[in-house]
Structure formats: C-alpha cells, structure tokens
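The following paragraphs lead the reader through one protein structure, beginning with a helix and moving on to its surroundings. Please keep the sequence and the model in view while reading.

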Amino acid sequence: MMKKLLQPILVLLAAMPLLVSCDKSDGINFAGEYEKSFQKWLAFEQANGNSYQFTVRPLNWFDCETTMTVVDGIVTQRSFRYLSGAPALLPVEDQEWTEYGDEVGSKKDPPAAAPTTLDKIYERARTDLLIKRKNVEHFFKADNDGMISRCGYVPNGVADADVGVWITSIEPM
C-alpha cells in the first residue's frame with residue numbers, strides 16, 4: 001500500500017527538473033539577446049502607444065522593401081517598392097504601391113512582406129525562428145536601437161536560403 005502511494009510522488013520528483021527548466025527562453029538560440037531586445041521593444045511600444053512604422057527587406061535576392069504603418073497595434077498601411085532590379089515585364093503599378101485601411105493585405109505580390117506587427121515578429125522569433133534545430137545556423141541582431149533587426153536561420157550548406165526577417169528601420173509615429 002505504501003509503495004503505491006510513494007510511486008506517484010517519486011515520479012513527480014523525478015520530473016521536477018524538466019518542469020522547472022521549461023521557461024520561455026529554453027530551447028531558443030540567442031535567448032539573452034532576444035530577451036534584452038524584447039524588453040527594448042516593449043518599452044518602445046508603450047512609449048509610442050503601439051503606433052510605429054517599420055521597414056522590412058527580404059533575406060533573398062529581391063532588392064525591395066515593404067513598410068508597415070501600425071496605429072494602436074493594427075496595420076493601417078502597407079507600402080512596397082523595388083529599390084532596383086524590378087522584373088522587366090512587371091507592370092509599373094506593381095513595382096511600387098501602397099495599401100490603406102481595409103485593403104491592407106489585398107495585394108499578393110510575392111516579394112512584398114505580408115502585413116504584420118512587431119509583436120507578431122517577436123512572437124515568431126521566439127516560437128519558430130530561434131528554436132534550436134539541427135543542421136542550421138541561427139542569427140539574431142538588434143541594430144534598431146536595441147530592437148530586432150535580423151533574425152532567423154539558414155540551412156547548413158545551402159546558399160541564399162535564409163529563413164527569417166530583416167528589419168531595416170523602426171520609427172515612432
């Protein structure tokens with residue numbers, strides 16, 4: 001009888017180190033740098049009423065950028081433009097454009113970044129991009145006044161196959 005009561009307690013005690021070590025920074029690369037950057041982001045977000053503008057560029061060979069305008073935590077404007085090298089047959093109206101309000105996200109131009117917020121980018125970094133994986137090299141930079149600038153990974157031995165985000169600027173509104 002005593003053995004039956006003691007067995008669940010022993011199992012719980014044995015599992016305790018696993019339960020204690022599962023905080024949000026375990027299992028990700030650059031945990032310290034990420035957390036420091038995330039705290040800078042939270043301070044910026046609060047100081048600016050969750051209203052800001054940021055510009056992202058693809059990690060691949062497209063030379064373009066997408067700028068998001070976020071007001072009260074909602075993407076209210078998305079602008080896209082090629083910086084150089086727009087495909088020759090691409091119509092002029094698809095080389096540079098801006099969406100406003102309810103139309104944000106209606107254009108499905110592959111090099112343009114999908115509408116998103118920095119909250120979502122930080123969440124993706126923590127739950128996907130920085131998760132420890134085999135056969136990849138992770139990267140994380142916080143060159144926007146301590147906030148995220150580059151984050152992701154590249155499979156070992158594969159050139160130009162970066163997965164992640166590159167944020168070139170973050171500005172208050």
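**A helix, its rings and a loop**

Helix H3 (residues 118–129) has 12 residues, yet its end C-alpha atoms are only 14 Å apart, short of the 16 Å that a straight helix would reach at 1.5 Å a residue; the expected span is 1.5 Å times one less than the number of residues. Helices (H or I, at least four residues) and strands (E, at least two) are DSSP runs, numbered from the N terminus. This is a predicted model, in which local features need pLDDT of at least 70 and side-chain atom pairs count only at pLDDT 80 or more, while totals for chains, interfaces and linings use all residues. Residues are numbered from 1 along each chain as its sequence is written, and side-chain values use heavy atoms, with hydrogens and water left out.

Which residues of H3 are buried? They are Leu-118, Ile-121, Tyr-122, Ala-125 and Leu-129, where buried means under 20% relative accessible area, exposed over 50% and partly exposed in between (1.4 Å probe, protein chains only). These residues cover an arc of only 100° around the axis, which puts them on the same side of H3; the arc is that of the directions from the helix axis to the C-beta atoms. The buried residues of H3 pack against H2, E1, strand E5 (136–141), strand E6 (150–155) and strand E7 (163–172), contact being heavy atoms within 4.5 Å.

Tyr-122 also belongs to a cluster linked by ring pairs, together with Phe-30, Tyr-34, Phe-38, Trp-41, Phe-44, Tyr-52, Phe-54 and Phe-140. Rings of Phe, Tyr and Trp (its six-membered ring) pair if their centres lie within 6.5 Å; planes under 30 degrees apart count as stacked, over 60 as edge-to-face and the rest as tilted. By this rule the count comes to 12 aromatic pairs. In one of them, Trp-41 and Tyr-52 have ring centres 5.1 Å apart and planes at 80°, so the pair is edge-to-face. Trp-41 lies in helix H2 (residues 31–47) and Tyr-52 in strand E1 (residues 52–57), so this pair ties together parts that are 11 residues apart in sequence. Trp-41 is buried, with a relative accessible area of 0%, and Tyr-52 is buried at 1%.

The loop between E5 and E6 holds Asn-144, which counts as buried at 9% relative accessibility. Its side chain reaches the backbone oxygen of Ile-148 at 2.9 Å. Leaving aside residues up to four places away in sequence, Asn-144 touches Ser-149, Ile-167, Thr-168, Ser-169 and Ile-170.

Methods: A polar contact is a pair of N or O atoms within 3.5 Å; within protein, one must be able to donate a hydrogen and the other to accept it, and residues adjacent in sequence count only if both atoms are side-chain atoms.
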